[in-house]
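Let us go through the labels used for this structure one at a time.

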Amino acid sequence: MERVIVAALSGVSIILIMVALGYLMNERKWFSSESPRIISRLVTQVALPAYMVATVTKRFTASELRLLLPDLRYPVLSMTILFALAAAIARICAVRKNHRGLFTSMFFNSNTVFIGLPLNMALFGSASVPYVLVYYMANTTFFWTLGVWLIQHDGKHKAGVNWRQVVSKIFSPPLLGFILAVVLIILHIHVPAFIMQTCGYLGGLTVPLSMLFIGIAISNAGLRRLRFDRDAVLIMLGRFVVAPLLMILLVMPASMPLLMKQVFVIQAAMPVMTNAPIVAKLYQADADYAAVMVTETTLMAAVTVPLWMVVVQMVVK
């Protein structure tokens, strides 16, 4: 028990130190207003794809990869149930009409890349990356279809789904990096060592840059704007209690690798997606409300993730 707690706290502490560094650097004006966008693009379009190629090709065989995709049904089922539950809670608890779409979207979608990926890497090592990506595929699909449609309802634009945008977001550079790695494995293509080393170096930027990005985002949101009202508490209950508990119930009887079960539970317990305020601003919904919830849930994850790590190690078998 003690070793589990220490391991969980150590993994989270690594993340918090880097987040705090990003926060302090931004407070001291090290970054410009364009820095978060540049860092985000560097992580998602360069570091993460390189990391996928470097890691997946080293750790998985073709037969192991074929077993991954069928387990996509667990995060899909989990998010479907969470969506229905969130919509019901929004009505029963009389969430403001111009917040209901954002509330529902933030309740059932989690931050699977900028926090989920580096946190799982810190807790479980690089072997967790393909499992993180399976959850990411489901989460991204839900957010850029149902999640965006819900947020549009809060704004001034007519609600609809831009399928070109949806496809481009789902088949993002990280996923394309994963697909490339799968092709290399299946076709038994041996990439020159210097290319793999380059991918390894670039992939090493993923965790630190992601955490600096979160620190900058928290700084820009402003800690003084935090408010733990009823809506915030309900979203936190959804993100940090209901979602991981539901995932445990779904994966416990399943015949999948233990590490995949653990990663799915931790991914389900991640904070609100950082894309929520961006999409809210685009469709003239309450972007400040979304930004505050991203900040609050990100900070709260520092408390809840170590607890869930202990639960996962003790309960998930």
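Q: Why does Phe 108 count as buried?
A: The relative accessibility of Phe 108 is 1%. Buried means under 20% relative accessible area, exposed over 50% and partly exposed in between (1.4 Å probe, protein chains only). The value of 1% is under 20%, so Phe 108 is buried.

Q: What kind of model do these values come from, and which parts of it are used?
A: The model is predicted; local features need pLDDT of at least 70 and side-chain atom pairs pLDDT 80 or more, while totals for chains, interfaces and linings use all residues. Residues are numbered from 1 along each chain as its sequence is written, and side-chain values use heavy atoms, with hydrogens and water left out.

Q: What makes Phe 83 and Phe 108 an edge-to-face pair?
A: Rings of Phe, Tyr and Trp (its six-membered ring) pair if their centres lie within 6.5 Å; planes under 30 degrees apart count as stacked, over 60 as edge-to-face and the rest as tilted. The two centres are 5.8 Å apart, and the planes stand at 75°, so the pair is edge-to-face. It is one of five aromatic pairs in the structure.

Q: Why does the pair of Phe 83 and Phe 108 tie together separate parts of the sequence?
A: Phe 83 belongs to helix H4 (residues 73-92) and Phe 108 to helix H5 (residues 100-108), so the pair joins parts that are 25 residues apart in sequence. Helices (H or I, at least four residues) and strands (E, at least two) are DSSP runs, numbered from the N terminus. The protein has 15 helices and zero strands. Phe 83 and Phe 108 also form one aromatic cluster with Phe 142.

Q: How do you know that the pair of Phe 143 and Trp 144 is edge-to-face?
A: The distance is 5.1 Å centre to centre, and there are 90° between the planes. Both Phe 143 and Trp 144 are buried.

Q: Where is the kink in helix H7 centred?
A: The kink is centred on Phe 143, in a helix that covers residues 129-154, and comes to about 40°. The bend at a residue is the angle between axes fitted to the seven residues ending there and the seven starting there.

Q: What makes H7 mostly covered?
A: Of its 26 residues, 22 are buried. For the protein as a whole, 55% of the 317 residues count as buried.

Q: Which residues touch the most other members of the largest nonpolar core?
A: They are Leu 102, Phe 103, Met 106, Phe 178, Ile 214, Phe 264 and Val 265, in a core of 99 residues. H7 gives the most to this core, with 15 residues. A nonpolar core is a set of buried Ala, Val, Leu, Ile, Met, Phe, Trp, Tyr and Cys residues joined through side-chain atoms within 4.5 Å. A second, separate core has six residues, including Ala 50, Val 53, Leu 184 and Met 196.

Q: Which residues does Ile 214 touch?
A: Leaving out residues up to four places away in sequence, Ile 214 touches Val 19, Asn 111, Phe 114, Ile 115, Thr 274 and Thr 298. Contact means heavy atoms within 4.5 Å.

Q: What makes Arg 37 and Glu 34 a salt bridge?
A: A salt bridge is a side-chain nitrogen of Lys or Arg within 4 Å of a carboxyl oxygen of Asp or Glu. The closest N and O atoms of Arg 37 and Glu 34 are 2.6 Å apart, so the pair meets the cut-off. Arg 37, at 43% relative accessibility, is partly exposed, and so is Glu 34 at 37%.

Q: How do you know that Asp 71 and Arg 73 form a salt bridge?
A: Their closest N and O atoms are 3.9 Å apart, which is within 4 Å. Asp 71 is buried, with a relative accessible area of 8%, whereas Arg 73 is partly exposed at 46%.

Q: Why does Lys 29 count as exposed?
A: Its relative accessible area is 69%, which is over 50%, so Lys 29 is exposed. Lys 29 lies in the loop between helix H1 (2-27) and helix H2 (35-59). Its phi is near 65°, a positive value in a residue other than glycine.
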